[in-house]
Amino acid sequence: MIHDTRVSALNRHSEHPGGDHVLLWVQASVRVRDNHALEYAVQAANRLKLPLVAVFGLTPGYPEANARHYLYLLEGLRNLRAGLEKRGVPLRVALGDPVTEVKKAARAAALVVTDLGYMRVQRQWRDDLAAALKVSLVAVESEAVVPVRVASPKQEYAARTIRPKIHRLWQDYLVPLDTHDLAHRADDWDPGEAVDDPAALAARLPIDQSVGAGHETGGEAAALARLEEFIAHDLAHYHERRNDPTIDGSSRLSAYLHYGHLSPLTVALAALDHPGPGTDALLEELVVRRELSFNFCWYNPDYDRYEGVPDWARKTLEEHEDDPRPAHYTPEQLDRGETEDPYWNAAQRQMVQTGRMHNYMRMYWGKKLLEWSAGPREAHATMLALNNRYEQDGRDANSFVGVSWVLGLHDRPWARHPVFGTVRSMSASGLRRKFDMEAYVKAWVK
Ligand SMILES: Cc1cc2nc3c(=O)[nH]c(=O)nc-3n(C[C@H](O)[C@H](O)[C@H](O)COP(=O)(O)OP(=O)(O)OC[C@H]3O[C@@H](n4cnc5c(N)ncnc54)[C@H](O)[C@@H]3O)c2cc1C
């Protein structure tokens, strides 16, 4: 079922009665399974008795994206092309500015359908395309369980304020998405770029090639395989094991979710088949916390800037700006994980080598960077730059929120400490009390 609340008209044009096809612009939801935009487009094509064709605008200029990110993206496009073909929908991968490429592809379209993204560049592309087209452009939200504007009409303070709102609604939205067969097939649609060899294509794109592949493979097939493995082996213990950096107890699905290779609906429905404390804890992260991040990015125009951190937190951090710092490191020392703190070094190296730092260590890693920076503004910039360069799931709503959380976002005041003021601090002794940190260091610092 596709709720009306997922669907929004992005311009005032009507459908073009003489059009040759319906066009699906795939941007945020790069998958076939549980893709509300795709299913909406299939139904629209059948209603209009037209074929459905798809386009993906592949820009080499996506903000902060390097070869690690592009490779993952292209692995997703390889799966997408195969998956859409099975549904009778040919895909064009058009190298260039997405708005220009989609506009070209839409020349003979009766209707253009797309998905929804929460980042500034994604929203700008949709606005620009809506203004450039002379035909109806409809967006169908498929990346959130509860559509962001339905969950709340304003920026929420914390998980405790959005949780009851999401809990009130999520039963309505946690429902399977029906699929329909496409009645009419397109006989001629230029495929654009070949994506069967993602590494070769990534190597010839004019992008930052200085960061190599991470350890995880992108794409819908790998996402569904990892989901199956997680549900079978890890879900039942998720609530007890996810925080321990020495074991792989979390889902490791964040990059698939980030690239739209996997729907949160697919994950939630698979988990709900196995009720228990593991499933409850997963839904808290996957729906409440993840969608709190969408809420922040959607409603706060400063979501990626230091100014987005709440006033109380900036005030207390700035009051402590002149406190002596325990250490200061050069960007190169930080990049290489060569500080005096073995736990921080291990976390940094885990991220650089694999493309994934453990969740608990992301918090500690950020708190230490705050201690070592000249001030909170510098800490914000350093955290974002490193996170978005190396994390396979970087440049996500969760990236911006995670970094700002270190500085107090979605949190409350705690006991006062030097440098932190009343923002929550974390210590190495706390890590040692909870986990076998020697094992963690051994795994990542050779
Ligand atoms: C400094 C800092 C930086 C971060 N950077 C990123 C980032 O770049 N990209 C990213 O996706 N997440 C980021 N996070 C949030 C969190 O660490 C990751 O989502 C999590 O580690 C992903 O691993 P997983 O898929 O195994 O999570 P699981 O524990 O299996 O959780 C399932 C899903 O729930 C969501 N989720 C989990 N934890 C959080 C959380 N704290 N807030 C919001 N959603 C959550 C994710 O989509 C995740 O895939 C950051 C957190 C901090 C403190």
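A: The domain bounds used here come from an automatic or database domain assignment. This is a predicted model, in which local features need pLDDT of at least 70 and side-chain atom pairs count only at pLDDT 80 or more, while totals for chains, interfaces and linings use all residues. Residues are numbered from 1 along each chain as its sequence is written.

Because domain 2 (146-177 + 219-299) and domain 3 (306-444) both give residues to the shell around the ligand, the ligand shell lies between them. There are 28 residues around the ligand, and those that come nearest are Ser250, Ser251, Asn359, Ser399 and Gly402; a residue is near a molecule if its C-beta atom, placed from the backbone, lies within 6 Å of it.

Helices are DSSP runs of H or I with at least four residues, strands are runs of E with at least two, and both are numbered from the N terminus. At least two residues of the shell are supplied by each of helix H10 (254-258), helix H12 (277-299), helix H16 (359-372) and helix H18 (397-406), and H18 gives the largest share, six residues.

By class, the shell has seven nonpolar, twelve polar and nine charged residues, where Ala, Val, Leu, Ile, Met, Phe, Trp, Tyr, Cys and Pro count as nonpolar, Asp, Glu, Lys and Arg as charged, and the others, Gly among them, as polar.

As for the setting of this shell, the chain has 20 helices and six strands, and its C-alpha trace spans about 70 × 50 × 45 Å along its principal axes.
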